[in-house]
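The entries follow the order in which I looked things up.

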There are 2 protein chains.
Amino acid sequence: MKRALLGLAAVCFAAAASPAQAPERRGGAREYVGAHRHEILREFVNLLSIPNVAADRENIRRNAAAIIEMMRRRGLSPRLLEAKTEGAPPAVYGELLTPGARRTLVFYAHYDGQPTDPRQWSGTEPWKPALRTRALEAGGELIPFPQAGAALDPEWRLYARSASDDKAGVMAILSAVDALRASGTKPSVNLKFFFEGEEEAGSPHLAEILSAHREILRADAWIICDGPVHQSGRKQVVFGVRGVTSLDLTVYGPLRPLHSGHYGNWAPNPAMTLARLLASMKAADGRVTIRGFYDDVEPLGEEERRALAAAPQYDEELRRQLGVARPEGAGKSLLELLNEPSLNVDGLRSAEVGAEARNVIPTTATATLDMRLVRGNDHRRQVDRLVEHVRAEGFYVVEREPTVEERRRHPLVARVMRRGGYNAERTPMGTPLARAVVAAVQSVSKEPVVSLPTLGGSLPLSIFRESLGADTVTVPIANYDNNQHAENENLRLQNLWDGIEMMAALMTIGEF
Amino acid sequence: MKRALLGLAAVCFAAAASPAQAPERRGGAREYVGAHRHEILREFVNLLSIPNVAADRENIRRNAAAIIEMMRRRGLSPRLLEAKTEGAPPAVYGELLTPGARRTLVFYAHYDGQPTDPRQWSGTEPWKPALRTRALEAGGELIPFPQAGAALDPEWRLYARSASDDKAGVMAILSAVDALRASGTKPSVNLKFFFEGEEEAGSPHLAEILSAHREILRADAWIICDGPVHQSGRKQVVFGVRGVTSLDLTVYGPLRPLHSGHYGNWAPNPAMTLARLLASMKAADGRVTIRGFYDDVEPLGEEERRALAAAPQYDEELRRQLGVARPEGAGKSLLELLNEPSLNVDGLRSAEVGAEARNVIPTTATATLDMRLVRGNDHRRQVDRLVEHVRAEGFYVVEREPTVEERRRHPLVARVMRRGGYNAERTPMGTPLARAVVAAVQSVSKEPVVSLPTLGGSLPLSIFRESLGADTVTVPIANYDNNQHAENENLRLQNLWDGIEMMAALMTIGEF
């Protein structure tokens, strides 16, 4: 019953979001951005120059201090929100209350970035922002930052760790405040700002921070500025995210590395054991064969299915761009597949390969796996199922280093090291809030906004619901080909300019 | 017919080698060693202090120069034997002709060592030799090198790259010359010495060197001093070695690393593809499933089977020591399995694991494989079979980097990079030469010498037959638990003392 009602609501909402009925409201923000591109870029480059891996406690604090200073200049009453856990990266909070406003929105972004190996970057370094004429893969060349006043090509790309994920969010949100102020536009809601410092580490202290500061974080909804826009370049509003959990899976061979000539064919090879175990987890078409893997999945509602059907199909173009000759998923589209749980190998390691390889039987082999979760999945239970699968394959499973005796006694030994995680989250697509958010984004967009039930990526949005009972809506701004989480991360400049307009539109959101 | 005759000969030979009929002839060498341990150790430590990876051209030349100097001091007329190929590591040659001798033996060892990552060593460095009270794995503790005159415990271990593999061979051979000279013992044969400088790199220029210096290398047989003694600690004489070949196998995923949330479940993961491919190559019991893998194997003769049956069975103890709960090979013994070809994964690599892992779909995954070969196998043909297997699994196979177009067109793309190799070699076990070698080694050993048709490891002995038509017999001296080819390589001191006696006994070998 509830589902049917929501289905109806989604129809209305889809109508409300169509460009015909939501006239463009760009106005002040676009003018402001046009006149201040160099200043915005300069401030952004400064922020991107501070290394921001969550585990790098000292630099994370430098980032937080820089953001505090950026917010202080804008009169946003900034402060650090600390976790109870000593040394955890703080969140940065600020606010701009609007006299007479009934509603409050919190604007979220995160200022930490994924760890990265600088040697893997091509011609630039993660924390030395650099400009290219277009994407590296498209032959983009390095150019110096232009003098103030010179034209900035909107297709240029800014290369740096977190240029897109997710300091772009911080920058777009704070610049939107400038844009409103410069054009004398009053926000329609109370504005709160929350910038997290360890999202890429799995947000281990976010629940602590939210609970400890529940009062000042009181709001009607959170706008999550993170992730990429749709691959077609169309702006998108996303009502959910997948959950994620990851683990290290190590299997064991002989107690010491053995000469492959003297012991090969006799001493079992852990690299081969790992290969066999991984191969047992997933069929060639991508279907995960772990028992119960899909059992908890809460099916999509009518309105969510409709949204999926209405979303642009971009798979063919993606296949060409990414060199994917045959996708997994047995014919399902990428968007459909993102509404299913997944199992991915992040990396493999056993001894050495190539020029550094030696003719040995290694002692161990390790795979790091990540699992994405959808509504209905629980991250601990999903790992439990994987562990059960490993056991069913004949392994003796430990969650610590196995002892010598255990390795002597059990032919197959696996160590599972859980690396934490969080569940998926999905806000209903048919509410007045949802409608207002889409309308706001549509107001600064010529093409129809894409609305999706879930993003493929993960954000700890379930934590907001669990800690604060808060609805979240995700409004990404980065280009989809941003090399997020990898080397050569970048942001297309036009995506930053558009992002500022989108955030400004959300700060002047209509009634909900 | 030939086989039956050889079988008979093996019986005679086995009789000749029994301790009852070959009285100990230790004599001078043992006394010499007993009186000169400190000097021998000092000279050895100097030699081990020179880094000796074959690719490190400069240091390889320093090793060759050091050995030239060691041989000059002994009056062995040393010289470098260069390959035609510019820059290839030279062999070091020397000789000591015996007036009136009819026979000539060449003593072979190699002075280069396997590449190694110093950070993997525990408490010592590869080219800073160090002494431990026993094996590291048995709790051996570091001790300083004792003052001259102090007792040297025979169970102490010398830790350094090539302490056993194979500078121990160089040291034992040259010290044996000293021992004979000190005791006024005349060699029974002409002695030639040949120390190779790139065995661990697969001896790519050995054939060139042998062919270019065919005249001075003329001899009745080569004594190959390399590899470990039997796991029981008994001395062994080995009449063959396995061949070896290796290759890098790389499979491909998307053109750029992809966020596992936004593309997981859709873009195929090369780490998983590699796991599936490797798992297809070998059954859980260790049987290689590549078509034709065992087809060319020349069965063992009667005498070789008898030798295997007579060899000590040490598998149970090895299982305990190495932590191998269930060996591969479906019940066959280690010694039997070493007479079959093998497939081993030397290492795996795809993106990163553990703390450095990121939630990405990697672009490639690589395994380095080695294959051991027995008589009948050809190393190129064996790799061809593997390539055919990869094709049969549905892969488009290239032997260079695939193009973007190839990756777009073919769902499964594999790159095979052949890393060279050589074939197995086996000298018949029933000849007078074989009998004389075993008798010589038996003369310095209380326990019966183990005779084996083949060593599990590989040496480029087929090259000696192909280039010079030479018979080779392998007489190893290193302890079997020497961590050869891995970190923490070591030599048990008693094995060096025994090795010197063995080499001296071979220099005074009986009639053949």
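In which order do the 4 strands of the open sheet in chain A stand? I read the order as 5-4-6-21, with antiparallel pairing. I took strands as DSSP runs of E of at least two residues and helices as runs of H or I of at least four, numbered from the N terminus, and I counted two strands as paired if DSSP finds at least two bridges between them.

I noted that this is a predicted model, in which local features need pLDDT of at least 70 and side-chain atom pairs count only at pLDDT 80 or more, whereas totals for chains, interfaces and linings use all residues. Residues are numbered from 1 along each chain as its sequence is written, and chains are lettered from A and ligands numbered from 1 in the order in which they are written.

I found strand 6 (residues 157–159) of chain A joined to strand 21 of chain A by 3 bridges, the two running antiparallel, and A:Tyr159 placed opposite A:Asn490 in strand 21. Helix 15 (residues 493–507) of chain A lies across strand 6 and strand 21 of chain A, at about 70° to strand 21; axes are lines fitted to C-alpha atoms, for helices over the stretch in contact, and angles run from 0 to 180 degrees between N-to-C directions.

**Helix pair in chain B.** I then looked up helix 13 (residues 432–442) and helix 15 (residues 493–507) of chain B, which pack at an angle of about 135° with their axes 8 Å apart. In helix 13 of chain B, B:Val437, B:Ala440 and B:Val441 meet B:Met502, B:Ala505 and B:Leu506 in helix 15 of chain B, where contact means C-beta atoms, placed from the backbone, within 7 Å.

**Between the chains.** I recorded 83 residues of chain A in contact with 83 residues of chain B. Strand 12 (residues 342–351) of chain A gives the most to the side of chain A that touches chain B, with 9 residues. Strand 12 of chain A also pairs with strand 12 (residues 342–351) of chain B in the antiparallel sense, over 5 bridges, and I found A:Ser350 opposite B:Leu348 in strand 12 of chain B.

Key
Two residues are in contact if their C-beta atoms, placed from the backbone, lie within 7 Å.
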